[in-house]
Amino acid sequence: MEYNFIDDYEHINSEVEYILENVLSEDTLQSSSPESKQLVDLFNTLLLNKCSCKECNNYLCTHGCSYEPDLESKELMISRDNFSDLLYECTSLCSCKTKTCCNRLVQYGPRKDLKIIFSKKYQSYGIITTRDIPRGAFICEYAGELLTREEAMKRVYENKKQGRMNYVLCLKESLNGPHLDVTNNGGFTIIVDPAKRGNIGRYLNHSCNPNCQIFSVRVDSPIPKIGIFAKRFIKSGEELCFHYNEGRKCSPQSSFEDRILCLCKSEVCESFLPNADI
């Protein structure tokens, strides 16, 4: 199975820089703090893990059986056995053939047939699909500037002070798979902000009953990509949404007046957007 994905999406706002994958923020590069230095070192580190496969055999790979084919759509999707695991893809160091490898997906960029729209429900920009998406299929990465915890807290504060939309997301890996979290207590945590520099993933809105979910995907870096996948079969024309806290309950860390109303209107709506301190 061969993939030749090209990310040719653009932002609605020309002031936002379109990037294909995560980048380090200027503040992180200029900072001398231990946290910034650690983030820079991780960003510049290459994972040496590799598979020893000569050819993909029944979609099994010694590097990790992350994906399997959907018989109807003929595209790769997350293996049902891995729907709660961290994902690892093959790299240029692997011995398998790039053009026929069945363990490379997120690294090729977002799927086609995504469309940025103005969502009447959310009164903001959103994304719909113009083609059916099977359960487990890759949609896009949530890419932006990689931040330290200190820098993220500053940005969240400034967003609140200026009344701007907040795009800062934390992904915290756990033994039961990744989830979006706003804590930094143990585990690997990645903080991404696509407000100024980001990709099409920044337009997905929140839903308490989402049709998409987050997975932690490593390619050739110890810093994982935040991959967005279809949680269920998604029909053409549906707006794509994921849960900003991946369904985990979190105690509000701010006053009732500071909380933002949720507009998803689902039967399991939690009334407010997930909100807690970073």
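Colleague: Is Lys225 buried or exposed?
Modeller: Buried: this is a predicted model, and Lys225 comes out at 12% relative accessibility, which is under the 20% cut-off, so Lys225 counts as buried.
Colleague: Where does Lys225 sit?
Modeller: Lys225 is in strand β16, which covers residues 225-230.
Colleague: And which side chain does the Lys225 side chain make a polar contact with?
Modeller: That of Glu21, at 2.8 Å.
Colleague: What is Lys225 in contact with, leaving aside neighbours within four places in sequence?
Modeller: Glu21 again, plus Val106, Glu141, Phe215, Ser216, Val217 and Val219.
Colleague: OK, switching to helix α3. What span should its 14 residues have?
Modeller: At 1.5 Å a residue, α3 (residues 149-162) should span 20 Å, and its end C-alpha atoms are 20 Å apart, so the two agree.
Colleague: Which residues in α3 are buried?
Modeller: Glu151, Ala152, Arg155 and Asn159. Seen down the axis of α3, the buried residues fall within an arc of 100 degrees, so they line one face of the helix.
Colleague: Why would residues three or four places apart point the same way?
Modeller: Because an α-helix has 3.6 residues a turn.
Colleague: What do the buried residues of α3 pack against?
Modeller: They pack against α1 (26-30), β9 (145-146) and β12 (189-193).
Colleague: And which residues are exposed on the other side of α3?
Modeller: Lys154, Tyr157, Lys160 and Lys161 are exposed there.
Colleague: Last one: what follows α3?
Modeller: Gly163, with a positive phi near 70 degrees.

Key. Residues numbered from 1 in each chain as written. Predicted model: local features only at pLDDT ≥ 70, side-chain atom pairs only at ≥ 80, totals over all residues. Heavy atoms only, no water. Helix = DSSP H or I, 4+ residues; strand = E, 2+ residues; numbered from the N terminus. Buried < 20%, exposed > 50% of the residue type's maximum accessible area, 1.4 Å probe, protein only. Polar contact = N/O pair within 3.5 Å; in protein donor to acceptor, adjacent residues only side chain to side chain. Contact = heavy atoms within 4.5 Å. Expected span 1.5 Å × (residues − 1). Arc of directions from axis to C-beta.
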